[in-house]
Amino acid sequence: MPDPIKVINDKCVGCTLCVKVCPFGAIEMADKKAVIDLTKCTLCGACVKECKFEAIVMAEKENKKPVSDFSMYKDVWVFAEQKKGSVQSIAYELLGKGRELADKLGVDLCAVLLGDNVKAQTEELIHRGADKVYLVESPKLKAYQDDPYTKVLTELIRKHKPEIVLCGATVIGRSLISRVAVTLRAGLTADCTGLDIDEKEKILLQTRPAFGGNIMATIITPDSRPQMSTVRHKVFKEAEPDTSRKGEVIEESFPDDTYSSRSRLVDIVEEIEETVNLAEADIIVSGGRGLGGPENFEMLKELALTLNGAVGASRAAVDADWIPYSHQVGQTGKTVCPKLYIACGISGQIQHLIGMKSSDVIVAINKDPEAPIFSVATYGIVGDLFKIIPQLTKHFKETLGK
Amino acid sequence: MKIIVLIKQVPDSTDVKIDPVTNTLKREGVASIINPFDMYAIEEAIRIRERFGEGEVVALTMGPPQAEEALREAISMGCDRGILVSDRKFAGSDTWATSYTLSQAIRKIDDFSVVFCGKQASDGDTAQVGPGVSMHLDIPQVTYVKKIDKIDKGSATVERMTEEGFDIIETPLPAVFTVVKEINEPRLPSLKGKMRAKKAEIRKMSADELSCEEDKIGLDGSPTRVSKVFSPPPRGGGRVLEGEPEEVSRELTGLLKDIVIG
């Protein structure tokens, strides 16, 4: 097998542009020539494009597939996740972006709704932008289960052939959509933060952070359909409802074994008190080691309550047992992107930054002016959080008339 | 009971510093570790073997030759053996091709009851490989497992963490479980474990040995392509507010007023 990527030494002038552009640190210079470490290289092609001398070449695909005809694939689909019979807000966020994509392609935007007695929800999906709603109802689809949902969604896609399928990067979405993509041999890109259409090629451009958000990659799926993406909560804006919109509801049903499940959902337990849905929060007030102890989280809770926000925490605070794990923001906790993130006494280790740096506005309050958190902060305050936070709470209460 | 743990070697992000000028990661000399989420998978597998008092935990990884180190670390924690799936032909694999390749390797292991993996890898963050493997193997899955209530050779009852709480799910085995941090506290390797890991023989498997179909592995088997890689625009407008607490709090409240009022 030839090398999948190689440097043509005669053409390489040793300019080191490729070394700088490589996101994976896989290129080094030896004797003034670029050398690619294939164990680190992911064949992303960044160096091939960067090289001004065409000195880096990637092996062409060996079994060049014939150019596939995708003209049968049309429409943009949104998987409309429902829980206890109500459509989740992520579906409306996807419909907002989906409408844009469908308009650029000149095709229909369709929602897919699986559940039991959920027909009443189809109207809202239409108001939020769907031209069609594919509806499958069965008592066995009442709550999400891996097997029946995978089979039903796969069958619907096989039958109607959408060119794009969007799904929320939620617990349900992530569990479901990868199985569907594997079965259909379709490309799936996780956690897209940008979706657009390449006007010329009419293909989906999926942009996502790679390696903890320090590099962005645009992913395409040139040789298979549908093109599938997941999107996290709050990345796109919800489509506004337009009650004058009209659409079509297409009811589908399948043979009984399509709804069968190997596993059994015994119970659904809600822990409203203990679970903080950080992913949904517009405002998060987060605390770290600088708080000094569990009792001081009360101060953050008061600020969060004033702002109608949620309380987050760094790993240091969670590991010290100051606050439960469900509050943890960061690599081993939750990834959040609220409108406002207030980091109090958090130094800003890279694992924490990974989990919150996509927030719209970041405020950092820390006594150490060198703390890395300030590198991502929109507004930074160097000072004593025990004096500043109560003041902030007071001023916000005044502003909000509370 | 035989248990397989899928692990991935990833760059240690605690080691990574951000270059203040280019706003990119400095990667020189970054150490490699086992994906943090996979540590919980390893721990859970070992605990089950210990509870049963018999069985085998097999750590399996796909990666470059140096991923062997991750397997040795897994063995030092208590895994019985390690398998490294490695071949130049796998280069450029996306999650489709990766889950296919891993499932081909799992097929070579007889009579397993559970495949454990972390809920996602810390470098790619996709959470797609676990569910992908379950589909390729055509066995049930439970994702985001935070507790195993009951397990025997043929079935298990587990808790899946959800946004609102958890689901209790009963599933026949074999199955794929992807686990979250809440499930346990991973142990540190023992000295004896470290000695054993040093001497352990790591089984290596190539594409041919796994009878992989050529068009399902590596770049050819991957439906997705990277078309462009770029640095995100640096976060601009960082501003430091100075003054007495009263003063800065008032200023900040003013700046944030629109967001807070919504």
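This is a predicted model: local features need pLDDT of at least 70, side-chain atom pairs count only at pLDDT 80 or more; totals for chains, interfaces and linings use all residues.

Below are my entries, from one chain as a whole down to single residues.

**Chain B overall.** I looked up the secondary structure of chain B and found six helices and 15 strands. Its C-alpha trace spans about 70 × 40 × 40 Å along the principal axes. Of the 262 residues in chain B, 52% are buried. I then took the contacts in chain B between residues at least 6 apart in sequence; 69% of these join residues at least 24 apart.

**Contact between the chains.** How many residues of chain A are in contact with chain B? I get 86 residues of chain A in contact with 81 residues of chain B. Sorted by class, the side of chain A that touches chain B has 40 nonpolar, 30 polar and 16 charged residues.

I looked for an open sheet with members in A and B and found one of four strands, in the order β12(A)-β13(A)-β14(A)-β14(B), with antiparallel pairing. Its edge strands are β12 (194-198) of chain A and β14 (225-230) of chain B, each of which pairs on one side only. From one strand to the next the twist averages 30°.

**Strand β20 of chain A.** Is β20(A) enclosed or open? Five of the five residues of this strand (residues 340-344) are buried, so the rest of the structure largely encloses it. I checked both faces: L340(A), I342(A) and C344(A) point one way, Y341(A) and A343(A) point the other way, and all are buried.

I then looked up the pairing of β20(A). Strand β18 of chain A (residues 283-287) runs parallel to β20(A) and is joined to it by five bridges. Here G287(A) has C344(A) as its bridge partner. Five bridges also join β20(A) to β21 of chain A (residues 361-366), again in parallel. In that pair L340(A) stands opposite V361(A). The chain passes from β20(A) to β21(A) through helix α9 (residues 350-356), and this β-α-β crossover is right-handed.

- The peptide bond from R225(A) to P226(A) is cis, with omega near -5°. I place P226(A) in the loop between β14 and β15 (227-231) of chain A.
- The peptide bond from L173(B) to P174(B) is also cis, with omega near 5°. P174(B) lies in the loop between β11 (165-172) and β12 (175-179) of chain B.
- K84(A) is not a glycine but has a positive phi of about 50°. It is in the loop between β6 (82-83) and β7 (86-87) of chain A.
- D125(B), also not a glycine, has a positive phi of about 65°. I found D125(B) in the loop between β8 (112-118) and α4 (129-137) of chain B.

Are K84(A) and D125(B) buried or exposed? K84(A) counts as exposed because it has 10 C-beta neighbours inside 10 Å, and the cut-off for exposed is 12 or fewer. D125(B) has 21 such neighbours inside 10 Å and therefore counts as buried, the cut-off there being 20 or more.

Terms used:
Residues are numbered from 1 along each chain as its sequence is written. Chains are lettered from A and ligands numbered from 1 in the order in which they are written. Helices (H or I, at least four residues) and strands (E, at least two) are DSSP runs, numbered from the N terminus. Two residues are in contact if their C-beta atoms, placed from the backbone, lie within 7 Å. Two strands pair if DSSP finds at least two bridges between them. Axes are lines fitted to C-alpha atoms, for helices over the stretch in contact, and angles run from 0 to 180 degrees between N-to-C directions. Ala, Val, Leu, Ile, Met, Phe, Trp, Tyr, Cys and Pro count as nonpolar, Asp, Glu, Lys and Arg as charged, and the others, Gly among them, as polar. A crossover is right-handed if, with the strands pointing away from the viewer, the path from the first strand over the helix to the second runs clockwise.
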